[in-house]
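Colleague: I would like to learn how to read a domain interface and a metal site. Please take me through one case.

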Amino acid sequence: MTNWKEIDQNVRAWIKEAGSKIRDSFQTELNIKTKSNRNDLVTNMDEATERLFIEKIRTTYKDHKIMGEEGFGDELLDLDGVTWILDPIDGTMNFVHQQRNFAISIGVYEDSVGVLGYIYDVVHDELYHAHRGHGAYMNDVKLPDLNEVEVEDSVIALNAQWVTSNRRIDPKILSPLVQKVRGTRSYGSAAIEMAYIAAGRLDAYLSMRLAPWDFAAGKILIEEVGGIVTDLDGNELDPLNKSSLFVAKPRLHQTIMTDYLKR
Ligand code: IPD
Ligand code: CA
Ligand code: CA
C-alpha cells in the first residue's frame with residue numbers, strides 16, 4: 001500500500017528546500033540557454049531543481065517512476081504504478097525576466113490517476129496542494145468549492161497569441177469570447193494559472209499546447225474544488241502526452257464549449 005501521508009510530508013519538505021535554493025539563486029548569475037527556439041528558455045536552476053527532486057525520489061521511493069521536463073527522469077511508456085510528474089520551474093521566462101510568477105509543479109499519479117498535486121509559487125511563498133478526495137488547500141487553508149459565474153462577469157486566462165495568427169487555432173474562434181468576458185489575463189505560468197482557478201481568482205484558462213508537467217498538478221487541484229479539466233475538444237486529458245487545455249468552473253466550461261468552441 002502506498003503511504004500517501006508520508007509522501008505528502010516529504011514533498012512539502014523537498015519543495016520548501018528547493019524553493020529556498022531558487023530564492024537564493026537571485027543573488028547569483030544565472031546560466032540561461034535556449035531549447036526548441038529562442039523563447040524556450042532553460043536555466044541552471046531548472047536543471048538543478050529537477051535533479052534535487054529526482055535524487056530525493058530515487059533514494060526514498062526506488063520503485064516509483066519519474067517524468068521530468070528537463071529530461072533527467074525516466075522514459076515512460078505508461079503511467080502504471082506511482083509516477084511523479086515534475087516541472088521544476090514552470091514559467092522560466094518569468095523567472096529569468098521578472099523573478100516572480102513562476103512555480104514548482106509536482107503531480108504524483110497512481111495508475112494514470114492524479115493523487116497528490118503541488119504548485120508552489122516560490123516568491124509569494126504560496127503552496128497550493130491537493131489530495132484526491134481530501135480537498136485542495138492554499139498554505140493549509142482549505143479552498144472552497146468554485147462558485148459559478150456568467151461569461152460576461154468572468155476573468156479568463158489566455159495568451160494573446162491565440163487571438164492573432166498562429167499555427168494552432170484560428171484566431172477568429174476565441175476573439176468573440178475575449179470581447180464578451182469581463183477581462184483577460186496571462187500570467188505566463190500554466191501552473192499558476194491553474195492554481196488561480198482553484199483559488200477562485202480566475203474563472204477559466206485556455207491554452208493550445210501544454211505538456212503533462214504543465215498540468216499534472218493543476219488538474220488535481222482544480223478537480224478537488226469542482227472545476228472541469230479537459231482539452232479544447234472537451235476530452236479528458238492524457239497525463240502521458242501533450243495536448244490543448246481548457247479548464248473552467250463547471251457551467252462556464254459548458255457555456256464556452258457550446259457557445260464559442262463548438263460553434
Ligand atoms: C511554460 C509556461 C507557459 C506556457 C508554456 C509552458 P515552462 O512552461 O507554463 O505559461 O504557456 O506553454 O511551456 O517552459 O516555463 O516550464
Ligand atoms: Ca512548464
Ligand atoms: Ca519548466
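Modeller: Start with a term: a salt bridge is a side-chain nitrogen of Lys or Arg within 4 Å of a carboxyl oxygen of Asp or Glu. Here Glu126 pairs in this way with Arg201, with 3.5 Å between the closest N and O atoms. Between domain 1 and domain 2 the count is one salt bridge.

Colleague: What are the ground rules for the model and its numbering?

Modeller: This is a predicted model: local features need pLDDT of at least 70, side-chain atom pairs count only at pLDDT 80 or more, and totals for chains, interfaces and linings use all residues. Residues are numbered from 1 along each chain as its sequence is written, chains are lettered from A and ligands numbered from 1 in the order in which they are written, and side-chain values use heavy atoms, with hydrogens and water left out.

Colleague: Where are the domain bounds?

Modeller: Such bounds come from an automatic or database domain assignment. Domain 1 covers 4–142 and domain 2 covers 151–261. Their C-alpha centres are 21 Å apart.

Colleague: How do I read the area that the domains bury?

Modeller: Buried area is the accessible area (1.4 Å probe) that two parts lose on being put together, summed over both. For domain 1 and domain 2 that is about 2,200 Å², with 66% of it on carbon and sulfur atoms.

Colleague: Now the metals. Which protein donors hold the calcium ion (ligand 2)?

Modeller: Donors are N, O and S atoms within 2.8 Å of the metal (3.2 Å for Na, K and Ca); water is not among the atoms, so sites may look incomplete. For the calcium ion (ligand 2) they are Asp87 (OD), Asp90 (OD) and Asp214 (OD), at 2.1 to 2.2 Å. Their spacing along the chain is D-x2-D-x123-D.

Colleague: Which elements hold Asp90 and Asp214?

Modeller: Helices (H or I, at least four residues) and strands (E, at least two) are DSSP runs, numbered from the N terminus. Asp90 sits in strand β4 and Asp214 in helix α6 (residues 212–224), so this pair ties together parts 124 residues apart in sequence.

Colleague: What coordinates the calcium ion (ligand 3)?

Modeller: Glu69 (OE), Asp87 (OD) and Ile89 (O) do, at 2.2 to 2.3 Å. The spacing of these donor residues is E-x17-D-x1-I.
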